[in-house]
Amino acid sequence: MNAGPQPVDDPLVRYSRHLRLPEVGVEGQERLGAASVLVVGAGGLGSPALLYLAAAGVGTIGVIDSDVLELSNLQRQVVHDSDAVGTPKVHSAAQRMHALNPHVLVREIASRIDATNALEIVGAYDVIIDGSDNFPTRYLLSDACVLLGKPLVYGSVLRFEGQASVFVDGDAPCYRCLYPEPPAPGSVPDCERAGVLGVLPGLVGTIQATEALKLLLGTGRSLAGRLLLIDASEMSFREITVDRDPACPACGARSITALVDYDAFCGISTKRGEPTSVAFESAQPAPGEVGNLSALELAERLARGERMTVVDVREEWEWQIGHLPEARHIPLNTVLASPGSVVDDGMIVLYCHHGGRSLAAAHALVEHGVERVWNLDGGIDRWSLEVDPSIPRY
């Protein structure tokens with residue numbers, strides 16, 4: 001049966017529900033079309049934000065993310081689909097956004113935002129949405145937005161709990177007013193380790209998109225000066241007031257005049273999640289240091305039959321997905337509670353999914369007095385990519 005000619009894509013029809021709102025109308029819709037928003041992260045928080053910004057007709061939407069889509073992302077990162085696994089997230093997201101609204105301009109930035117490029121990238125947009133999942137990026141974005149006078153829409157999720165706020169220049173606080181100092185490395189679990197209810201990032205990311213649209217339209221009361229706390233297990237919402245700290249080095253005293261090394265600021269000595277690099281040699285690392293071992297080097301040394309103890313510190317269900325044949329399974333909580341359970345008179349190599357949990361375990365062993373401890377760089381995910389693709393990536 002012939003479906004007949006397709007209707008003309010008339011903006012008055014596409015945005016008709018906006019045009020009916022006195023707070024938006026034709027003028028407001030035109031304002032959205034002329035506006036730009038940068039979304040940092042095309043993951044759980046970025047997914048709904050990107051979709052709703054595109055649907056709303058925001059003229060230019062930048063999306064920055066250096067990651068490639070993995071199967072395990074699809075539980076919460078709904079801007080992507082199964083066919084996109086293995087492709088850059090920014091490209092997958094852009095395709096979906098264009099399919100939803102071909103009239104918006106999507107700028108794909110397939111790289112990590114850092115102190116060398118943040119001011120240039122952030123400076124090109126009207127509103128910034130923080131959909132990141134790590135503390136260095138959160139402090140980086142906050143400082144960059146304060147320096148440039150850009151509004152920042154913040155969100156975070158873990159397990160069943162979420163947070164959202166808006167940081168704007170003026171009398172309102174910034175992220176440093178809320179969290180003056182970063183937590184110690186490994187003291188706050190991430191979603192990889194602790195998990196997250198898949199729908200929760202959708203809820204928080206949608207709140208972030210709502211706040212961004214309100215800022216662009218100049219309507220409503222934003223979350224500036226308020227931190228919204230969400231408990232999905234109880235389905236409760238509450239808020240706390242956050243005041244600007246006059247002594248804040250970013251928005252108060254204004255002693256921060258340039259961006260810094262945010263990995264170092266957060267106690268991460270090299271790249272995010274990596275230990276201090278120490279070559280894998282027969283000699284032990286320097287006191288207090290953890291060796292850094294690549295997947296290929298571990299494979300070569302195992303093939304040569306070198307004596308070592310390989311320990312998988314992931315959870316049981318992760319172990320069941322796949323593991324190194326030579327590995328012993330000792331979950332991270334067991335290692336932290338009883339470092340002596342891993343003591344061996346040879347070299348000890350620890351690994352997890354991406355390397356973060358095993359690094360925490362490695363430091364616990366070093367503090368316990370164990371020598372010759374190495375962390376597998378990139379974890380079993382890197383092992384799967386470079387050595388044994390039969391182990392599923394998740």
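Reader: What makes Arg226 and Glu239 a salt bridge?

Author: The closest N and O atoms of Arg226 and Glu239 are 2.9 Å apart. A salt bridge is a side-chain nitrogen of Lys or Arg within 4 Å of a carboxyl oxygen of Asp or Glu, so the pair of Arg226 and Glu239 qualifies. Bear in mind that this is a predicted model, where local features need pLDDT of at least 70, side-chain atom pairs count only at pLDDT 80 or more, and totals for chains, interfaces and linings use all residues. Side-chain values use heavy atoms, with hydrogens and water left out, and residues are numbered from 1 along each chain as its sequence is written.

Reader: Which parts does the pair of Arg226 and Glu239 tie together?

Author: Arg226 sits in strand S7 (residues 226-231) and Glu239 in strand S8 (residues 236-241), so the bridge ties together parts that are 13 residues apart in sequence. Helices (H or I, at least four residues) and strands (E, at least two) are DSSP runs, numbered from the N terminus.

Reader: Why is Arg226 called buried, and what about Glu239?

Author: Buried means under 20% relative accessible area, exposed over 50%, and partly exposed in between (1.4 Å probe, protein chains only). Arg226 has 11%, so buried it is. Glu239 has 40%, so that one goes down as partly exposed.

Reader: How many salt bridges does a search of the whole structure find?

Author: The search finds 15. Among them is Asp9 with Arg14, the closest N and O atoms being 2.9 Å apart. Asp9 has 34% relative accessibility, so it counts as partly exposed; Arg14, at 31%, is partly exposed as well.

Reader: What makes Glu306 and Arg301 a salt bridge?

Author: Their closest N and O atoms are 3.0 Å apart. Glu306 is partly exposed at 26%, while Arg301 is buried at 15%. Salt bridges also link Glu297, Arg301, Arg304 and Glu306 in a network.

Reader: Why are H12 and H16 called roughly perpendicular?

Author: The axes of helix H12 (residues 295-303) and helix H16 (residues 379-386) come within 9 Å and cross at roughly 75°. Axes are lines fitted to C-alpha atoms, for helices over the stretch in contact, and angles run from 0 to 180 degrees between N-to-C directions. Under 35 degrees is roughly parallel, over 145 roughly antiparallel, 65 to 115 roughly perpendicular and the rest oblique, so H12 and H16 are roughly perpendicular to each other.

Reader: Which residues make the contact of H12 with H16?

Author: With contact meaning heavy atoms within 4.5 Å, H12 brings Ala295, Leu296, Leu298, Ala299 and Leu302, and H16 brings Arg382, Trp383 and Glu386.

Reader: How many aromatic pairs turn up in the whole structure?

Author: Seven. One of the pairs is Tyr154 with Tyr175, 5.4 Å centre to centre and 55° between the planes. Rings of Phe, Tyr and Trp (its six-membered ring) pair if their centres lie within 6.5 Å; planes under 30 degrees apart count as stacked, over 60 as edge-to-face and the rest as tilted. So Tyr154 and Tyr175 are a tilted pair. Tyr154 lies in strand S5 (residues 152-158) and Tyr175 in helix H8 (residues 175-178), so the pair ties together parts that are 21 residues apart in sequence.

Reader: What makes the pair of Tyr175 and Tyr179 tilted?

Author: Their ring centres are 5.4 Å apart and their planes are at 55°, so the pair is tilted. Tyr175 is buried at 1%, whereas Tyr179 is partly exposed at 27%.
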